[in-house]
Each structure stands twice: as structure tokens, then as C-alpha cells.
Amino acid sequence: MKSSFFFSLHRQLRRFPLIDTARLFSLAVLLLLLFPSLILSQGLGERVQRFTLGNGLRLLTLERKLSPTISIYIRYRAGAVDEADGKTGTAHLLEHMMFKGTQTIGTRDYLREEKIIRRIEKIGEALDHEKAKGKEAAPAALARLADQLKTLQNEQRRFSISNEIDRLYTENGAVGLNASTGQDLTTYQVSIPANRIELWARIESDRMVYPVFREFYNERDVVMEERRQRSESNPEGKLLEEYLAVAFLAHPYRRPILGWPSDMSYLDIAYMERYFRTTHAPNNTVIAVVGDIQPSTVLKIVEKYFGRLTRRRLASPFITEEPRQSGERRVEVSFSAEPQMIMGYHKPPPPAFMDHVFDVIESILTRGRTSRLFKALVEEKRLAESIQAVNGLPGARYPNQFVLFATPRHPHGCIELERAIDQEIERLKQERVPDRELEKVKNQIRADFIRSLNSNAGLAGMLSYYETLLGDFHYLIDYADTIERITPEEILQAARTYLIKENRTVAMLVKKPLNSIQR
Amino acid sequence: MTLKPISKNQSFRLPVIVLGMIWILVSSEWVLAASLPPLRDPDRIRYQPLSFEPPRVERVLLDNGLRLYILPDKELPLVQIKAVVQTGSIYDPSGQEGLAELTAVTMRTGGVLGMTGDSVDETLEFMAATFHVSQNRDSGIFSFSVLKKDLDQGFDIFSKTLMQPSFAENKLLLGKDLKSEELRRIFDDPQKLAFREFGRLIHGESPRGRLVTQESIRTIRRDDLIRFHKRFFHPKNIIISITGDIESREVTILVDRHFGSWTSPEGKPEPPPLPQLPEGNIFFLTKDLPQSIVVIGWLAPAKRDPYFYPFEVLDFVVGSGGFRSRIFQEIRTNLGLAYSTGSFYSAKSDYGLFGAYVLTKSESTVKVISRIKGILQEMGEKPVPSEELNRARMAILNRFIFSFTSAEQIAFQRLMIEHEGLPDDFLVTYRPKIGKVSAEDIQNAALRNLAPNRAILLIVGNDKTYKDILRHFGRVTRIEATF
């Protein structure tokens, strides 16, 4: 049932899987804002049950009886940072491929189908190799290989059944079926009627080990369209991509989750399988089940289906550390759009105490109409249309950033905006935050937490996120006390240490004149 | 990475010996499973029946005509309040488009009797209340959430916002400035741009299709807001839902204490006439992009129309029912020509809109449009095969339970049924009516509503794509975005 009218279209457009960098970011923001009041946290901490299977898979359950529905999140501690150089976009394309079925879902005869899949892979690889020669590529070879590929793909269709995973979920009443790829983690989520949990276990345990990468080359094209949509046609996406590439010199956080276009065009099945085997293993997985369930029943089903799976050796790739920044970096992006800017600083990730302090700074600066930057830039000086601080980009497994996004209001520009933001940051370094202002922010963070307890999906998302990221969902429960302890002096200290020019990157989008197009 | 590439077979076969060893660690009951018997066919899993009676929402009518829907839910120390007002941008006077929206926004920001806007903001944010307003085509929605302990003080501000807003001049100016900047930036967001223009085109000459522009914003003054507020914000024109940590009787008393003496003027504003089906046409809006945005649509059955139910199923089959829906399956999965594609059907009590959309690289625009038109046309030419129909109906029936996942949602559903003037039993009869939809109903619905020559087709794309479209479809009307 839809209750909203035409305005919801926008959301509808964006609802399809899969990576939603933006959505993932906002989730991270939300997650970092949350913390429990004492009573609620103790209640929650006790109500969540944690189990670990023999193969290392961790399961969190939380019973909530409001309606006969369940929300389930599966998170793997693996994302775009775990890709090899030259293979950017693999984690995200894999997440798409995980919807293509398994050896027992989506096939009419897997043994025969598999032979064709292997031939497709071989021809596809040969075609890519030829294409990669660029101008040297032999047109005849290209045509022959493309033709062979097409014939094989048609042949495979005789044995495969497309989009079976989605079909099974959808007709059983699932909503919110989605997945997302982040720098740190990969997530598969769904909400189902309470009596359908066995269907979920059947599908998910199967694709955790036996996915079949059907329609690989078509899906690679889909992801190129996704890139056109999110980055090449979208000024925010484009600016953020270039910002991160400059803000991080060496750490993989510098690479776009979607991948660089030339990598994306040639992603291959062989590397994807290798990535899959060393990341998608029960011992790298957290599942959270929230809703109308009995924990013991859920455990039984999870043991039955996921207990079959074997522990695997995980990739422990060497991740390049980001060297200490030694001076301001600036980047300019020319794009035919109104100006906007991003400005950010390196800082430690959770569970560091300092990360909590930046959660508070984020709220002081931009949460609500009374926040400092909204008040000064939007209301009083009328320089900005919008201003938003986000603590924790682009991930949280490694040292990350505190970032400000701002759009100037015509006729003002980014330089003016930067100066005004600088003034407020300077104030944070010079003046103690008044007690009442700090109390307000703490009240808000506490209330946000309570509100976040109001949905099965929200709870499953938070619990699984912290359990996967930090190894213990109790981070969430202890968060309250930590935030409560933060003093004005610690905020001063954080601002003086991290919010300095040598530690920051500034990106500005500069309007490119439209070629021959009248506005 | 030091791992050697593994052979294809290995990558999908588990070494059974290792499996056995791990299994010893798990409960013995499951050790038997270590031989990995074939998994059950997911279509043959049996499910326990699900029964659910949503909690009853209490309806209260105050003496002055204000209607309340109340549903206590004590899980969390929170109270959620939503007021839905019979107003909206359809009532914007010609030349003053944006008035409804600015009225709602300035009610929220411009202060109330006895308090400045800044002081309202300070008070609400210190108690960590949230207060959002949205102005749609045919409703204004004021959503308020407050901790139980702050209900009295919070409700005082909430009620004054509706009854006695001050409309401070400086906050109106801020609102106008921000709206104006938003308009300047619409051209930067291709999707927003496309759907905004499509909304204008599909509504033809109706006021529902009029757009806010820099010029219309400029003409709006404080007096206009005061008049607009007076005309629409009164008890007989508002329905409120209250859910959360409350007692029904106490909250009724609270509402009565604040709103009880508020009165309604005589007469009721007439909504403008419904849009008429415009002439079909192809429109092109030029923007230098590597990817085109295509929207094609028609006016469609209202919720009161018996064809509403077939249309729900039709929309599901065509493009909103997940990966298997026809447009998604063909354009995205089979052809790899889009990331975002599908259909939408939004019905109101008096009319609806249906359409399909796709974002595809410039070079494939013509091909994708042709395929989508073909899929849409087929709905009127051939009955939906029974297996596909059964699956669509089953999905809609099975997911219906998600309309009732929180007290807030349940109470708001009831409220909206009354707001839209739908029959009381609308939700009760929804499932059986979906269950009865036949392939013939769907085909008739398509024939009646999706006439190919009446389609409004809008493409936002680059100059080269314009030439392709012109060459292929012959007749194209170029439009410019109006801001």
C-alpha cells in the first residue's frame, strides 16, 4: 500500500540495489549519533542474545512483538578496502552478483549450465583482453568473440531461471530486500513476515557458499549505468569522489566504492571468486534477527542451515596506512552545476574516545536549526543554502575523517563560505562550549537513540553494524556513558589537535559554463 | 594477496572432511547434516499460518470538529503526533505558486503567540523534540515527536504552531531565499528535474501541474500567508493522530485543553477540478549528460475506482514488483541498459498517476524507450499468464502485513483513510479485492488507461540524443525548464 503520492517517486528511483554510498553514509551518521539512556540501554543489552556457531558465525537476536514481522541483516566484514589495486569495484559488483542465484536456485540443470558458464567466462576474458588493446584490437577478433559470447549467453538461458532469489522473497511478502557495499562492510538485508524465516535461511546460507555468477557481463554494464547515475551525472557524487581521492593519499579509502571506470570495464570472474572465497565466510559474518521471534527457534534454524558451512581462511591483506598529512590539500572540480564544497579533517575511528568527541562536535556544528553553523551561515549571514557535518567518512575500520558539506546561496561563493566556517571552527578552538549547549546536544543524542529503537530494521542494522565493525555490539550500549562524560575541555582539545589547516582537505565545485545550452 | 587463483570447481565445492571436523564443535544433532543432503526446494517450504489483528485505533471527535486518532503504545517513552490538514499546493493562487509551502514552513520557523521563532527552536531542540512540516499537493502534514516527559510543554508549542503562528517577516524572507536557491539548483539534479517537469506535463492545464518559480515566490507577502492560514487551518479541516506512551483519556483532555476553543469559519474551500487527460506527446528537455532520464506516463484510476485493484497488480507486474517485474527484468537484467528502471502507480481518492521510468546511457535511449513502450502496450494486448498473476497477487497479499508495523503507522493509515474520504473498510477489503483481480481485469485496465497515443513521454538528455529521438519518433516538442 502506498500512502504517499507523486513525491515519493524520487525515493522509488533510488530504492533498487545496490550500493548506495549516500545511503550508507547517512546510515553511518545515524549510527554514530545513537546512544542509549541508562534504563533503555540496560534493557536492550539484556534483551539482545548473542550466539556463536562452531564455524565462527555470530548471531544476534532481539525479540519484539509489535507485529508478526522480522527484519534481518547479514553483514560481512569485507568491503571495497579489501580489493586489490586494479580491481576496484569488485566488492560492489559481487554484491550485485549475489542476487543471481545459486547452484540450486535459479537453474534447471546446474551440471549442464555450469559448463556453459565456464565457457562464457573464458570467451568473456578473451574478449576483454582484445578490447584492452584499444586501437590495436583486431576488429575481426572482437566481432567473433562478441558473437560467441552472445551465443553462449543465449544457450545458458535455456538452463537458468533469472532473478529467482528476488522472486522467492517478493512473492513471500518480503519488503526492503536490499544490499549495500561500503568501504568496510557488505550488507544484505530484508524484512519478512514472521513465519517465513526458514525461506530466508535457505536462500542466504546457500548463497553464502554456492552463489552462481550468472549474467556477469550484463551486470557489469548495469554497474556502469550506476556510475553514470551516481557520479558522472551527479555533482555531489562527482565532488565527493574527487575529494576522497585527494584527502587520502595512500589508504584504499581514496578509491570509489563503485570503482574507477577503467577497472570496472574489465572486472573478471576469476578475481571476483577469489575475493568472494576469502571474505564471504561464516567466520567473517554477523547476522542480526529482530522482530516477532523466539531466539531459541531462530538459533535452531540458523544452526541447521548455516551450521553446515565451513570456516574459511580469510584474506588478511596488507592495507596501506595513510601517512600523516603535512599540509592543506585543495581540489577543484569543474562541473556544469551550482557551486558546492566539501572540507574535512583526518581523525581516529571508533571505538576511540576521540571519535565520540567528534560525534558531539558534529551535533554542535550542524544538528538542527539552533546549531552553530546553521545559525551563523544559513540564518544570520545568509551565505549558505545548506551545511552538514558528518563524522566518520568514508568508513570506520581505519582512521577516517570529520567532513563538512556546504552549498552557498547565490550570489555568495564557496570562498566566502569557507571563511565563515573557519570562524566557527576557530571559536571551537578558543571558547569553551557553554554547559547548556553541551547539555542540549547530549539530550538530542539520547533521544535519537530512543527513536532508533522504534523499528526492527533499524535495530537489526545497528546491532549487526557494531558487532561486525568492532566485534561487540555493546559499544552501542556503553556509548551513552561515554558521551555523557565528554567535557568542554575535551572538545577544545579535539578541535585544537585535529581541526587544523595542515590536517585538512578542501574540495570546491566550480561551475563550468554550459556548452550551447540555455537555462 | 598471496592466494593463488583457485580452480573453478574448487571454488564451489566444500571439502567434506573439514566440514565434518567443524561439525563436531556444533551440537551433535546436526552432525548428521555434515553429509550435506540436498537442500529443500525453497518453493516447497511449509509455513505456519500467520494471524494478526491490528490493534484498534480510537477515534475521538471534539465539539469543535477536530478529529483524533489515538493508539497508545508503551514500548518507549515517546509520543508521536501527526496533524494532517486539508490544504496543499493545489490551492496556490495562480501566480503565487509556493504559497502553501511557504505558509507551512513559516508556521514552523516564524514563531508563535508569545514566543519568537528562535525561542521555539531553542525550546524544542533542548528537549530533543523533532518537528517537521511538509506541504504536498493535497495535504499539509505536521509531524511532531517528543519525549513523554516533555509532552505538556511540547504540545503547547505544537498547538500554537497550528493555531497562532506569528509569521515573522525575517523568517518568511529566509524561507523565500532558501526556496529560491533550491530552484536554482534543481537543474543540477537530473532526476528531480525530470520528475518535476513530468509532473507539470502530466497534469495538463490543471492547477495541480503548476510549478513554483522565482517569479511566483517573489510575489508572496506576509499577508498572503496569514490569509492562507486562516482559510485552511481550523479544527474542521484537520485530523490528528497521537501514538506512543499515552493514555487515551488523558491525551484527549490535553488536546481539548489546547484546541477546544478553536473555531472553524463557515464554508469549505473547493479543490480545483481534476486534471483532464492531456494529449499524448513526446517532450524533450536538453541537458548535457552522459545518461538520459526517461519518464512515460498517464493519468490512472483513483483509489475509489474499481480499476484501482487491477492497476495495483498491473503496476506490480510491469515494473514495481521487484527484479522479476517486466521492465526491470528486460531493461536491467537482460539488457544491462539501466541501473534504475521500473514503474510507479500513485493513486489518490480522486485520481491517480501511472508511469514508467529509466535512466540509461545516451546511446541506448531510443532502444530502451522502444522496449518499454512495447512492454506497456503488451499489457493491453495479452492477458498476464496465470503463474505471473498468481505470484503478483501473492506478493501483494503477503507483504500487506507491513502496513501495520508500528502504532504510529497504524494510526496514520486510519487517519489518511478519513483524510482521503475513502470508505471506512478500505483496508479490510483491500486484500480480498486484490485476491479477486483477474487477467482480464488487468487487460481491461490497461486498454482503458494506457492508450499509446495518449502517453506523455519526457526525455531529459543531451543534444545528440535529441537528434536520435527526433529521427526515430518524428514528432518531438522541445521544452525548457521553468524556474
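Author: A residue is buried if 20 or more other C-beta atoms, placed from the backbone, lie within 10 Å of its own. This is a predicted model: local features need pLDDT of at least 70, side-chain atom pairs count only at 80 or more, and totals for chains, interfaces and linings use all residues. Residues are numbered from 1 along each chain as written, with chains lettered from A and ligands numbered from 1 in written order.

Reader: What share of chain A is buried?

Author: The C-alpha trace of chain A spans about 70 × 65 × 50 Å along its principal axes. Of the 519 residues in chain A, the buried share is 54%.

Reader: Which element leads on the side of chain A that touches chain B?

Author: Here 96 residues of chain A contact 92 residues of chain B. Elements giving two or more residues to the chain A side include helix H1 (9-14), strand S5 (186-193) and helix H17 (435-452). The largest share, 9 residues, comes from H9(A).

Reader: How many helices and strands does chain A have?

Author: Both are DSSP runs, numbered from the N terminus: helices are H or I, at least four residues, and strands are E, at least two. Chain A has 20 helices and 11 strands.

Technical notes: Two residues are in contact if their C-beta atoms, placed from the backbone, lie within 7 Å. A residue is buried if 20 or more other C-beta atoms lie within 10 Å of its own, exposed if 12 or fewer, and partly exposed in between; C-beta atoms are placed from the backbone.
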